Amino acid sequence: MSAQPMRTLLRGGGVIAFDGTQHVHLRRGDVVFYGDRIEYAGPAWTDRADAPVHQIIATSGKLVLPGFVNAHLHVTDTAFTRGWLDDYGASATTGAASNVTALYRLLPAIRAAAMAEDQLAAAECAFSELLLSGSTTVVELGFDAEMGDQGDMATPRAVGDIAGRLGLRCYLAPRYRSRYWKLGADGAPAYFAYDGDGLPRMRTCMELLGDIEASHEGRLRAMLAPGQVDTCEPELLRATRQVADDTGYPIQLHAGQSPSEFRRIRQQQGCTTLEYLDRVGLLGRDLVLGHSMFFSESGDVDDCHAAELARLRDSGTHLCHLPWVKARQGTAMRSFAKYRRHGIPVCLGTDTYPFDMFNEMRLAATMCRVAEGSPQAVSAAEIFHAATVGGAQALQRSDLGRLAAGCQAGIVLVDVMKPHAVPMRDGIQHLVLSACAADVDTVFVAGRPVVEQRTLVYGDLAQAVARLAEAGDRVNARVQLE
Ligand SMILES: [Zn+2]
């Protein structure tokens, strides 16, 4: 941010403004921001002597929208799973044999083969892709010692610095957990305890989070990331709750990923996953549950107990829906609309590749409609809300994910003079059901342009892609399947 803040007026195009409750498509509107804050979003701005405009950017032919809040992703290993996991995954309802191959055999082998240098090459490309597709706030969930650098904290620190340098707003969440998994000698999944059941690693993560919190002009923030609900001991989850209460850091936990996870919790804890999370005291408005698809063995929200759904709602816990990665494996949340009918907040994330919220929004809408057998099961507006305001709420940020006075200037301009965009009756329906990442022309984060004319301002995409291609060759050559 320069010492002298500028006042910028975006004028001439359509605007997705926020009216305090919901996003509203204005066919023609103005957005004004001063420094990193939005001052105005609505119909024509009236010039004010006390608020001189320093710069006017013409937005005709564009739609001005809030940047996406991408609430769950992994930038350091995702690229290297390409070509390995694409056609693998859990059987849709049973979590049977193919899941063992993907989760317990392939993933650990790929992650172990990715050294720090490779992970950073992947992170640079992923963050670039995120900005170029309109994500302005992201949650990067890192890894424990399963990666090739054996969990060296210098790696997540460097990952955070890459996000900061490219201009993103990033919640950094290095992972800790009680145990890891791989394929056992008998061909069945085997779990191995980490040192001190993960508590020492948790303390190491806390040191890093304390160091990075609010660095890069406040754009880098801390988040707690106990691994998965079935890889954390109850004490680790209780300790996480305590740290969150003491520091105000939000928490994200992978939970509800598969029927086998549900069965494992029931077997070990004697209750459902949601009852277990309630019992250890983790539920709360600062908690995000990544995936959230199998809180009953069938995966149907109707098969959850009414009391646990009420408890989930009353606690204010957020669910993070990651439709693409699971749709790719033949599974759908059943359903987004059912959770919303219970008053449970849902946000969106990309999890793996592509890091593209347009793809994710479209899948969220269509998978819900397929699951419910109706085009009216969920509106485009509800999905767009989840991709913006929903994510902001999950991060306890009322100043993100919306174009309204007082909010952070995370702003995206998409080109709407495209064959798939005209004529446009409803801008929000267009964004969810027709627009694509290639339409993103300009991106501001904290009032600073970070993408201009589809080009990164603070990064060299061609160089980053070349580095990742080389890293991919190195990793693929190192992968050793046991
Ligand atoms: Zn994940």
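**Stop 1**

Select arginine 11 together with aspartate 30: aspartate 30, in β4, is the bridge partner of arginine 11. A note before going on: this is a predicted model, in which local features need pLDDT of at least 70 and side-chain atom pairs count only at pLDDT 80 or more, while totals for chains, interfaces and linings use all residues. Residues are numbered from 1 along each chain as its sequence is written, and side-chain values use heavy atoms, with hydrogens and water left out.

Helices (H or I, at least four residues) and strands (E, at least two) are DSSP runs, numbered from the N terminus. Two strands pair if DSSP finds at least two bridges between them.

Now extend the selection to β1, residues 7-11, and β4, residues 30-34. Five bridges join these two strands, which run antiparallel. To see one of the contact points, pick threonine 8, whose bridge partner in β6 is glutamine 55.

Is β1 enclosed or open? Four of its five residues are buried, so the strand is largely enclosed by the rest of the structure. Buried means under 20% relative accessible area, exposed over 50%, and partly exposed in between (1.4 Å probe, protein chains only).

**Stop 2**

Select β2, residues 14-18. Five of its five residues are buried. Show the side chains: Gly14, Ile16 and Phe18 point one way, Val15 and Ala17 the other.

β2 has two partners to look at here. With β7 (residues 62-66) it runs parallel, joined by two bridges. Valine 15 stands opposite valine 64 in β7. With β3 the pairing is antiparallel, over four bridges. There, phenylalanine 18 stands opposite histidine 23.

Zoom in on the turn. The hairpin of β2 and β3 has four residues between the strands, and glycine 20 takes a positive phi near 105° there. Glutamine 22 is in the loop between β2 and β3. With a relative accessible area of 47%, glutamine 22 is partly exposed. Draw a C-alpha to C-alpha distance from glutamine 22 to glutamate 382: it is 9.1 Å, though the two are 360 residues apart in sequence.

**Stop 1**

Go to the β23 end. β22 (residues 448-452) and β23 run antiparallel, joined by two bridges. Glutamate 452 has threonine 455 as its bridge partner in β23.

**Stop 2: arginine 111**

Select arginine 111 in helix α2, residues 97-113. Arginine 111 is buried, with a relative accessible area of 13%. Leaving out residues up to four places away in sequence, it touches Asp77, Phe143, Glu146, Met147, Gly148 and Arg175. Contact means heavy atoms within 4.5 Å.

**Stop 3: backbone exceptions**

Most residues other than glycine have a negative phi, and most peptide bonds are trans.

- Serine 335: its peptide bond from arginine 334 is cis, with omega near -5°. Serine 335 is in the loop between α10 (323-327) and α11 (336-341).
- Proline 354: a cis peptide bond joins it to tyrosine 353, with omega about -10°. The loop here runs between β19 (346-348) and α12 (357-372).
- Serine 292: its phi is positive, near 55°. At 0% relative accessibility, serine 292 counts as buried.
- Alanine 446: its phi is also positive, near 50°. Alanine 446 sits in the loop between β21 (440-445) and β22, and counts as buried at 12% relative accessibility.

**Last stop: zoom out**

Show the whole chain. It has 15 helices and 23 strands. Of its 482 residues, 59% count as buried. The C-alpha atoms fill a box of roughly 75 × 45 × 45 Å, taken along the principal axes.
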